[in-house]
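The sequence and structure are shown first.

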Amino acid sequence: MLQEMSDVTLVRRDDIPSMRTVVVDGIEHWLGHVKDFTKNASLTQFLPKDNRISMAWVRLEAGERLDEHIHPVESMILMCEGGARTLGDVRETMNAGDILLVPPGKLHGFIGMPPNGFWGLSIQFDSRGLYEDITDPWATFTSELDQRHGNDNVVEKLLRKNEEYMERFDKHRLFAMVRNGLLDDEGIRRRFLDCFQVWSNYFQKMVLTRAITSKQKGFEELAWLHLYEELGHNQDLAKSRDDLQTIFDPLLEATCSWFASKMEHIGEAEKVVLSHVVVEASATFFYKHVQPALAQSEVKGHFDVHSVVDDGHVEMGYAFLRKLSIDDGSALFEVQHQGWAMLMAVMARIADLTVHNAGGAAATNAEQDSRHAIADAVAI
C-alpha cells in the first residue's frame, strides 16, 4: 500500500547519500557514485512496501571506470545525462536517452566519457536494489569470476550454477517484504500461511511421488530416506493452526503441482537435482527469512525445525551427486533451470496473494498479478 505523505515533496539528487566503493569477497571495488533511493527517508516513505521496482542514481566522472561484473538479477540502466562507454558483452557508446538492458549473469561495466562523465538510473524489477544492502551487494567482478571457473566436472558445474540461482532466490521480493514487517499484521500473516500450506502440501506429494517412482538402487534408497524425514510435516503445520482456511488459486495451484507431476517424467539423477539441489536449497533461504517473523506464532515449531534440518537435505543430494559419473549433464541443467524458475513463480504468487488478498478480499487485478508472477519465473 502507498504510504501517505501530507505535502508535495521535492527530493534533489544531492539529498540522496552516495556510496563510492563496495567490498566483494574481501576486495574493494570503485563504484563512482551510487545513490540508492531507499537511502532517502522521503523516498522510502513514499515508495510502497511491496514496490516491484528498485532504483538508484549512478554516476561516473569522465575517465572513471566501473569494472566488468555480473548481477544475479536483470538490470536496466537509463542514461540521463552525459555519456559512457560500455564494457563486457556489449562495447558501445551510450548517450542521454539510451537504455542498456542487462539479463542476469551477463558481463557489463562502464567508463565515463568526456567531458563530464554521466548520470544514469539503475533499475531492477521484482527485487531489491543492487547495492541497497552494502554488506551484501549483488555484484561479482571479473577477478572473482576467473577464480571460480576451472575445469570442473558436470556435477561441480551444476552445483556452482546452483549458487547463482540461490543468490537470486535469496533476494526474492517476498523475503524483503517479510523483513520489512509484512507478517506483523495478523490478517496478512494468516493469509500468508494459508498460501504456504498449499506449497507444503504439494511438497509432500513431490517427495512421495519421487519415492514410489524411483526404481534404481541407490536412488530409491535416497528417495525413501528423504520421504521418511519429511513425512507429515504439512499435516503438522495444518494442525498447529485453528484458523486455517483452504484456498484455491489457479496460478498457485499450477506452479506448486508442477513439482509432483515432474517426478513422474524425469530420470533418477534429475529427481535428485530437483528435490535436493533446487527445492531443499530454496527451503534453506525461505525458512531463514520467514522463521524470525513467526517466532512467536502458533506455527513456531514447524519453522524452527525446518530452519535447521533443510541444510542436511541439501548436502544429502550434493554428496550423492558427487559420487555419480555423468558425461552429459544437459537434462540436469534443464531441470535445475526449470525448478528454480517455478519456485520464483510460487513465491511471487504467494507474495501477490498475501498482499492483495489479505483477509480473503478479491485481488484488485488478478490478471496483472499473474503477469508479475510469470515475469519472476521468466527472468531467472
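## A partly exposed tryptophan and its surface patch

Trp224 has a relative accessible area of 40% and is therefore partly exposed; the classes used here are buried for under 20% relative accessible area, exposed for over 50%, and partly exposed in between, computed with a 1.4 Å probe and protein chains only. Trp224 belongs to helix 6, where helices are DSSP runs of H or I with at least four residues, strands are runs of E with at least two, and both are numbered from the N terminus. Together with Leu208 and Ile212, Trp224 makes a nonpolar surface patch of about 290 Å². Such patches consist of residues with over 30% relative accessible area and no salt bridge, nonpolar side chains (Val, Leu, Ile, Met, Phe, Trp, Tyr) being joined within 5 Å and like charges within 9 Å. Accessible areas come from the Shrake-Rupley method with a 1.4 Å probe, and for residues only the protein chains shown count as cover.

## Basis of the model

The model is predicted: local features need pLDDT of at least 70, side-chain atom pairs count only at pLDDT 80 or more, and totals for chains, interfaces and linings use all residues. Residues are numbered from 1 along each chain as its sequence is written, and side-chain values use heavy atoms, with hydrogens and water left out.

## Aromatic pairs

The structure holds 17 aromatic pairs. Rings of Phe, Tyr and Trp (its six-membered ring) pair if their centres lie within 6.5 Å; planes under 30 degrees apart count as stacked, over 60 as edge-to-face and the rest as tilted. One of the pairs joins Phe196 and Tyr287, with ring centres 6.2 Å apart and planes at 85°, so the arrangement is edge-to-face. Because Phe196 lies in helix 5 (residues 186–213) and Tyr287 in helix 9 (residues 268–290), this pair ties together parts that are 91 residues apart in sequence. Phe196 is buried at a relative accessible area of 3%, and Tyr287 is buried at 6%.

Phe219 and Phe320 also form an edge-to-face pair, at 4.9 Å centre to centre and with 70° between the planes. Here, too, distant parts of the chain are linked: Phe219 is in helix 6 (residues 219–230) and Phe320 in helix 10 (residues 300–322), 101 residues apart. Phe219 counts as buried, with 8% relative accessibility, and Phe320 counts as buried with 18%. Elsewhere, ring pairs link Tyr165, Phe169, Phe175, Phe192, Phe196, Phe286, Tyr287, Phe303 and Trp340 into a cluster.

## Charges over rings

Arg13 lies over the face of Trp119, 3.9 Å from the ring centre. Lys205 takes up such a position over Tyr202, at 4.5 Å from the ring centre. A charge sits over a ring if NZ of Lys or CZ of Arg is within 6 Å of the ring centre and within 35 degrees of the ring normal.

## Buried residues in loops

Arg241 is placed in the loop between helix 7 (233–239) and helix 8 (250–262). With 7% relative accessibility, Arg241 counts as buried. Its side chain makes a polar contact with the side chain of Asp194 at 2.8 Å; a polar contact is a pair of N or O atoms within 3.5 Å, where within protein one must be able to donate a hydrogen and the other to accept it, and residues adjacent in sequence count only if both atoms are side-chain atoms.

Phe37 occupies the loop between strand 2 (27–36) and helix 1 (41–46). Phe37 is buried, its relative accessible area being 12%. The C-alpha atoms of Phe37 and Met55 are separated by 5.9 Å, although these residues are 18 residues apart along the chain.

## Salt bridges

The structure holds 15 salt bridges, each defined by a side-chain nitrogen of Lys or Arg within 4 Å of a carboxyl oxygen of Asp or Glu. Among them is the bridge between Arg59 and Glu61, at 3.0 Å from N to O. Arg59 counts as buried at 12% relative accessibility, whereas Glu61 is partly exposed at 35%. Lys217 and Glu221 meet at 3.1 Å, N to O, and both of these residues are exposed.

The side chains of Asp304 and Lys300 form a salt bridge at 2.5 Å, N to O. Both residues lie in helix 10, four residues apart, about one turn of the helix. Asp304 is partly exposed at 22% relative accessibility, and Lys300 is partly exposed at 37%.
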